[in-house]
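Take a moment with the sequence and the model below.

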Amino acid sequence: MITVLFADDHEMVRIGVSAYLSAQKDISVIAEANDGGEAIGLALKHRPDIILMDLVMKEMDGIEATQQIIDQWPEAKIIIVTSFIDDEKVYPALEAGATSYMLKTSKAGEIAEAIRSTYAGQSILEPEVTGKIMNKMRSPQISPLHDQLTAREREILLLMTEGKTNQEISDELFIALKTVKVHVSNILGKLDVHDRTQAVIYAFKHNLTK
C-alpha cells in the first residue's frame, strides 16, 4: 500500500482527488493539509511514501514547504500538483527537491500513475515541463556582470559599500590613490553603471557584501 499525504488549500480538490486515490487498491491517503506549514508537520509525523504538494497556498507556499521537508527528510518523495507551468514556479520547485511535477489538468488516473511511478523511483514531468527544461538547457547561460570583477576589484567594491572614499581605500589596502581610481573606473565599466552609488546598489542587490 502506497501511503500519500495531500497538501492543497482547495478543499474540493482535496476531496475529489483523495476519494479517487483512496478507491485504488494500492494507494491510501493517510493525511490532508490545507497549507504548507501543516504539510510539513504531517509529513514529518507520518512519513508518507508520497507527498502531493500544491504550489500556491495561503499560509506557506509549496516551494517553501518542499524545501523544509527535504531539509529535514531528504528521502521524501514529493509530487508537485499545480495549475502553474511558469518558469518561476517550475524551476524553484524542482530545485527545492520535488521529484515529479504534474498539472491539475491531469486526469485523476494520471496522478495515480504518477504516484506509482514516483514511488518506484522514477521522476515524472509533464511534457510541457520537460520542454521548458530542455529549452533552458539549450539556452546559453549568461554570466552575471560581476563575474568579470577581479579579486582586487571585488575587495574595493566591498569597501565602497562600507562608504569608504578612494583615499580611505588607498590607505586601507596600501595601494596608490591613482591605482584605486583605476580600479573604481574598471568596476563601473564592468558593472555597466555610471557612478559609485549605482555600483553600491548593484553590490547589495546581488549579495556581494559578504
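Five strands form an open sheet in the order β2-β1-β3-β4-β5, and their pairing is parallel. Two strands sit at the edges, β2 (27-33) and β5 (100-103), and each pairs on one side only. From one strand to the next, the twist averages 25 degrees. Keep in mind that this is a predicted model.

Look at one pair of strands. β1 (residues 2-7) runs parallel to β2, and six bridges link them. Phenylalanine 6 has glutamate 32 of β2 as its bridge partner.

The table compares their contacts and directions.

| Helix | Residues | Strands touched | Angle |
|---|---|---|---|
| α5 | 108-119 | β1, β2, β3, β4 (78-82) and β5 | about 135 degrees with β3 |

Now turn to another pair of helices. At what angle do the axes of α7 and α8 cross? The axes of α7 (residues 151-161) and α8 (residues 166-173) cross at roughly 125 degrees and come within 10 Å. Because of that angle, α7 is oblique to α8. The crossing of α7 past α8 is right-handed.

Which residues make this contact? On α7 they are Arg152, Glu155, Ile156, Leu159 and Met160. On α8 they are Ile169, Glu172 and Leu173. Sorted by class, the contact of α7 with α8 holds five nonpolar and three charged residues, with no polar ones.

Key
Residues numbered from 1 in each chain as written. Predicted model: local features only at pLDDT ≥ 70, side-chain atom pairs only at ≥ 80, totals over all residues. Heavy atoms only, no water. Axes fitted to C-alpha atoms, helices over the stretch in contact; angles between N-to-C directions. Helix = DSSP H or I, 4+ residues; strand = E, 2+ residues; numbered from the N terminus. Parallel < 35°, antiparallel > 145°, perpendicular 65-115°, else oblique. Left-handed = near helix turned anticlockwise from the far one by under 90°. Contact = heavy atoms within 4.5 Å. Nonpolar A, V, L, I, M, F, W, Y, C, P; charged D, E, K, R; others polar. Pairing = 2+ DSSP bridges.
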